[in-house]
Amino acid sequence: MQTYEVEYVQHVTYRFEIEAASETEAREAAWDFWETLPVEEEHNYYHDAEERYVHKVTLKGGK
């Protein structure tokens, strides 16, 4: 058996609500929210995943 490093890619959609006075403010607040959200909490906002594929497979330690 050999060990391979696999790069798996998927386009994921997350949904959450933001209260704001305008669409511009909502977009800015959404960025601020998402940038400070701990990775371990992202699953709370998961909605859907599409375009799943294995992007790259590389033999570890291979030449």
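A salt bridge is a side-chain nitrogen of Lys or Arg within 4 Å of a carboxyl oxygen of Asp or Glu. The model open in the viewer is a predicted one, and a search of the whole structure finds one salt bridge.

**First stop: the salt bridge**

Select Glu23 and Arg27, the two partners of this salt bridge. Side chains of opposite charge can pair when their charged atoms come close. Both residues belong to helix α1 and stand four residues apart, so about one helical turn separates Glu23 from Arg27. Are these two residues buried or exposed? Both Glu23 and Arg27 are exposed.

**Second stop: a charged patch**

Next, select Glu25, Glu28, Asp32 and Glu35, which together form a negative surface patch. Begin with Glu25, which is placed in helix α1, the helix of residues 23-36. Glu25 has a relative accessible area of 42%.

Now turn to the aromatic rings. How many aromatic pairs does a search of the whole structure find? The search finds eight aromatic pairs. One of them is formed by Tyr14 and Trp34. A pair of aromatic rings is described by the distance of the centres and the angle of the planes. For Tyr14 and Trp34 the distance is 4.7 Å centre to centre and the angle between the planes is 45°, a tilted arrangement. This pair links distant parts of the chain, since Tyr14 lies in strand β1 (residues 4-14) and Trp34 in helix α1, 20 residues apart. Tyr14 counts as partly exposed, at 29% relative accessibility.

Select Phe16 and Phe33 next. Their ring centres are 4.7 Å apart with the planes at 45°, so this pair is tilted. Where in the chain are the two partners? Phe16 is in the loop between β1 and α1, whereas Phe33 is in helix α1, 17 residues apart, and the pair thus links distant parts of the chain. Phe16 is partly exposed, with a relative accessible area of 30%. Phe33 also counts as partly exposed, at 25% relative accessibility.

To finish, select Tyr14, Phe16, Phe33, Trp34, Tyr45 and Tyr46 together. Ring pairs link these residues into a cluster.

Note on methods: Residues numbered from 1 in each chain as written. Predicted model: local features only at pLDDT ≥ 70, side-chain atom pairs only at ≥ 80, totals over all residues. Heavy atoms only, no water. Patch = residues over 30% accessible without salt bridge, like charges linked within 9 Å, V, L, I, M, F, W, Y side chains within 5 Å. Areas by Shrake-Rupley, 256 points an atom, 1.4 Å probe, with all protein chains shown as cover. Lys, Arg positive; Asp, Glu negative; His and termini not counted. Charge placed at Lys NZ, Arg CZ, Asp CG, Glu CD. Helix = DSSP H or I, 4+ residues; strand = E, 2+ residues; numbered from the N terminus. Buried < 20%, exposed > 50% of the residue type's maximum accessible area, 1.4 Å probe, protein only. Phe/Tyr/Trp six-rings, centres within 6.5 Å; stacked < 30°, edge-to-face > 60°.
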